[in-house]
Amino acid sequence: MRYVTNLPYATKEEEHVTIPMSDGVRLSAHIWRPTSSDHEPVPAVLEYIPYRKRDLTAVRDSIHHPYIAGHGYACVRVDLRGTGDSEGVLRDEYLEREQADAEEVLAWLAEQPWCDGGTGMMGISWGAFAALQAAARRPPSLKAIVIASFTDDRHADDMHYMGGALLSDNLAEAGTMFAYGTCPPDPAVVGDRWREMWLERLEHTEPWVLPWLRHQRRDDYWRHASVCEDYKSVRCPVLASSGWADGYSNAVTRLLGNLDVPRKGLIGPWSHKFPHLGEPGPAIGYLQEVVRWWDHWLKGVDNGVMDGPMLRTWMQDSVPPSTSYEERPGRWVGEPEWPSPHLRQVTHPLTRHRIGPPQDAAGEGTGEGESPDGEAMTVRSPLSVGQFAGKWASYNAPPDLPYDQREEDGGSLVFDSEPLTERLEILGSPSVELDLSVSEPVAMVAARLSDVSPDGAATRVSYGLLNLTRRDSTESPEPLEPGRRCRATIPLNGVAQAFPPGHRIRLSLSTSYWPLAWPPPKPTLLSVHEHSSTLTLPVRPVDEPDDVPPSPFDEPEGTPPLPTHQLTPSDERWEVKRDLVGYHAELEIVKDRGTVRFDGIDLEAGRRAYERYASIADDFTSVTGESTWTMRFHRGDWDVRVVTHTALSCDRENFFVDATLDAYEADRRVFSRTWNERVPRDLL
């Protein structure tokens, strides 16, 4: 990253500005803006998230907000209600009150004397959700948004459920927000009211995993704030980005295909990070792209920002399996629109452990040795399938990408292509259509697409999950009739991937994928009928022009980061353990940021997350997950700590949530609460 100090505009900074809401709650904002905006108003750009602007996101904020402000914008970073130094309580994600607050913040910004009345919103993850959801409400001042790593569908394509299957990230992210939502404000900002504000948060918080588990179907809870329910509601221009290693790899192309506004898409090789901080690399000059977007849509500059392809994406070359990459080899390609006219949907029949040659235009197989009765191939996967699946949304720290899939394939039904005779490239979402039957009324299928090198190493390229009780409807699931044949389509995550000559393409099917997804109540025998089951690949012909120059982006740049000192070291671990005496298996994840000193505010902050997912043999009711967080803030005599713990277990009929919340001043516990809740399983 190139750090820039010589910017077009001199800027000023206001660290704590309160913005009043209509119900009397005041939100805390950090504002960077040109000094000249005192007499020459500028557009305002809002980032609106719950992750503590004064400390825990302060370094990241210092890289991009002063940079954008230095190009002629008022950049405003607001803590959500109940987080950081804002008043109130954060009770859940994306509630009506949160979105109403966003509208009120935008209206307040538009009325400030240093704002010209036009606003934009930007952010990654929650900040991107907030921007897209605000755009759907059409506040009058909002002229454009810039979003990264997000979804437009809160049920089908978020950290909670995938194909109607419960993700372990539902527990992990609930644990994250259980911790962040119960931290105190900073007394140096809010004064003596800090303890009163803190106790209000502690007393009115419950583990978010509870509401997320109580809504196992697609219902109004998930429809709310899912922009896919009405794409026409978004009427402002959208610059959307994500990464192929991120869990949110699908929404960019959905927006490109469904919105009816000026829009551009960008997908790199990255995990859950801003593109200018992108890992795996290459990172890009994303902030320069953002400034060009704002210049055009907020200032009316004719800078050609809408020229070129609608989608620019990184076509990934083949790599050996690894849980982490510094760089992903490949090249940038462009598509003029989405769906792209360059792509062909090529369907292959699944024969006896083979991916057959493409079907012809009439849908008939062209391979040899077909049996008209469509014989069944069967698998009953052990719980060990999935231990090398990696994280649903990779952060690339600790190393959390999927490892070599050969061990996973040992408990799966595997179909291999013949070795490729020429390079093959795919771009988009593959899909699998199965003619199947199962032995239990509740069952799931995990489908994995891998790149298999001549030495046998298998690198997972994409995957998808389907709870088969939701095969026809996620709103009204139905149990399966054991032994009865049915059809089910499994969409896989979108990807841009090249397969070189000599490599094989592998499709693997399993009936469990723990701990990435919670398993069904009982092991299931899956029967797949050959020839009437297919794999469809979105093929981009290799002779298509790339439509972008080889290096279409500048070097990443930003303003110098806030000075900090690492007082105690960080610790990152991802360990799979197996006991072959008691047949106990577990995955342990440690994300310990150590203790960091923020020099400018004389504050020490520490945070540590621990996750553990365990099972015994193939007892599908033995699976357990737990998330433990410790958050600590210290300055002089002020020494506070929050410890949260959430555990999820099950039997065949129920989920069980056991959670604790403890808060300390120095070593004295000042608050403690325990939850022990049962949530019935709903065909899950």
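This is a predicted model: local features need pLDDT of at least 70, side-chain atom pairs count only at pLDDT 80 or more; totals for chains, interfaces and linings use all residues.
**View 1. Centre of the largest pocket.** The largest pocket holds about 1,600 Å³ of space. Its lining comprises 49 residues. Those nearest the centre of the pocket are Leu 56, Arg 60, Lys 273, Arg 593 and Arg 607.

**View 2. Elements and residue classes around the largest pocket.** Three helices, H1 (58-69), H3 (126-137) and H4 (169-180), each give at least two residues to the lining of the largest pocket. Strands E28 (564-568), E30 (584-598) and E31 (603-616) each do likewise. Counted by class, this lining has 27 nonpolar, 12 charged and 10 polar residues.

**View 3. The largest cavity.** Five cavities of 30 Å³ or more are found in the whole structure, and the largest cavity contains about 400 Å³ of space. It is lined by 27 residues, with Trp 244, Ala 245, Pro 402, Arg 460 and Val 461 closest to its centre. Strands E21 (458-467) and E23 (495-499) are the elements that supply two or more lining residues. E21 has the largest share, with five residues. The lining of the largest cavity divides into 12 nonpolar, 10 polar and five charged residues.

**View 4. The second largest cavity.** About 90 Å³ of space lies in the second largest cavity. Among its 15 lining residues, Ser 168, Gly 390, Pro 515, Trp 574 and Leu 587 are the closest to the centre. E30 and E31 each contribute at least two residues to the lining of this cavity; each also supplies at least two residues of the lining of the largest pocket. By class, the lining of the second largest cavity has eight nonpolar, four polar and three charged residues.

How values were computed: Residues are numbered from 1 along each chain as its sequence is written. Side-chain values use heavy atoms; hydrogens and water are left out. On a 1 Å grid over the protein atoms alone, a cavity is a set of points where a 1.4 Å probe fits but cannot get out, and a pocket is an open set with protein on both sides within 12 Å along at least five of seven lines; lining residues have an atom within 4 Å of a point. Grid points are joined across faces, edges and corners, and a volume is the space filled by probe spheres set on the points. Helices (H or I, at least four residues) and strands (E, at least two) are DSSP runs, numbered from the N terminus. Ala, Val, Leu, Ile, Met, Phe, Trp, Tyr, Cys and Pro count as nonpolar, Asp, Glu, Lys and Arg as charged, and the others, Gly among them, as polar.
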